[in-house]
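Let's take a walk through a protein model together. Have the picture open as you read, and find each spot as we get to it.

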Amino acid sequence: MQLRFEVQGMRCMSCVGRLQKALSALPQLSDIQVELLTSTVSATLLPEVAGFSAALLQQQITAAGYQLVPGSAHYQVGGLSCSACARRVQQALLQLPQVLTAEVSVLSGQLQLQLLSPLSDIEVAAALKASG
């Protein structure tokens, strides 16, 4: 899986090297490319190496002195009847490597996601189906 995300705070090639080194410490990533002019990072997520999460990536970027710029997505979810349902949906979505945060409202049926990189509607639907 290809990841592409924006990072704030890089000012020079030394910053690029520092971020590249920090991200290289994550064994789940390979082919890491840090672009100074566009402030973007692209990398390949290795599915055979367990333990990756968007939160882990965000921590690594922050520890290096930079900020991840998340995207967002909003969905309407039907069939939520209690807070346990909302937690199951939230936990299912947090298992996806692109998801940084997932907030679910039982009352409004709103699902709000902060994303590391874009997520297709099919991926969201599959995660919702898997949550029960």
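**A tucked-away glutamine**

Start at Gln98, which counts as buried because its relative accessibility is 3%, and buried means under 20%. Bear in mind that this is a predicted model. Where in the chain does Gln98 sit? Look at the loop between helix H3 (83-94) and strand S6 (99-104).

So what is around this residue? Setting aside neighbours within four places in sequence, Gln98 is in contact with Met1, Leu3, Ala54, Gln114, Leu115, Leu116, Ser117, Pro118, Leu119 and Glu123.

Next, the greasy parts. In soluble globular proteins, nonpolar side chains tend to be buried together. Here, the largest nonpolar core has 25 residues, and Phe5, Leu19, Leu23, Leu29, Leu57 and Ile61 are the ones with the most contacts inside it. Two or more residues of this core come from each of strand S1 (2-8), helix H1 (13-24), strand S2 (29-35), strand S3 (40-45) and helix H2 (54-63). Which element gives the most? That's H1, with five residues.

Leaving out neighbours within four places in sequence, Leu57 is in contact with Phe5, Leu23, Leu26, Leu29, Phe52 and Leu116. Apart from this core there is another one, made of 16 residues, including Leu93, Val99, Ala102 and Val124.

Now for the cysteines. A disulfide is a covalent bond between the sulfur atoms of two cysteines. How many disulfides does the structure hold? The count is zero. Take Cys12: the nearest cysteine sulfur belongs to Cys15 and is 3.8 Å away, and Cys12 is in no disulfide.

Last stop: two backbone angles. Asp31, found in strand S2, has a positive phi of about 50° although it is not a glycine. Is Asp31 buried or exposed? Its relative accessibility is 57%, so Asp31 counts as exposed. Ser39 isn't a glycine either, and its phi is positive, near 55°. You'll find Ser39 in the loop between S2 and S3.

Conventions:
Residues numbered from 1 in each chain as written. Predicted model: local features only at pLDDT ≥ 70, side-chain atom pairs only at ≥ 80, totals over all residues. Heavy atoms only, no water. Helix = DSSP H or I, 4+ residues; strand = E, 2+ residues; numbered from the N terminus. Buried < 20%, exposed > 50% of the residue type's maximum accessible area, 1.4 Å probe, protein only. Contact = heavy atoms within 4.5 Å. Disulfide = S-S within 2.5 Å. Core = buried A, V, L, I, M, F, W, Y, C linked by side-chain atoms within 4.5 Å.
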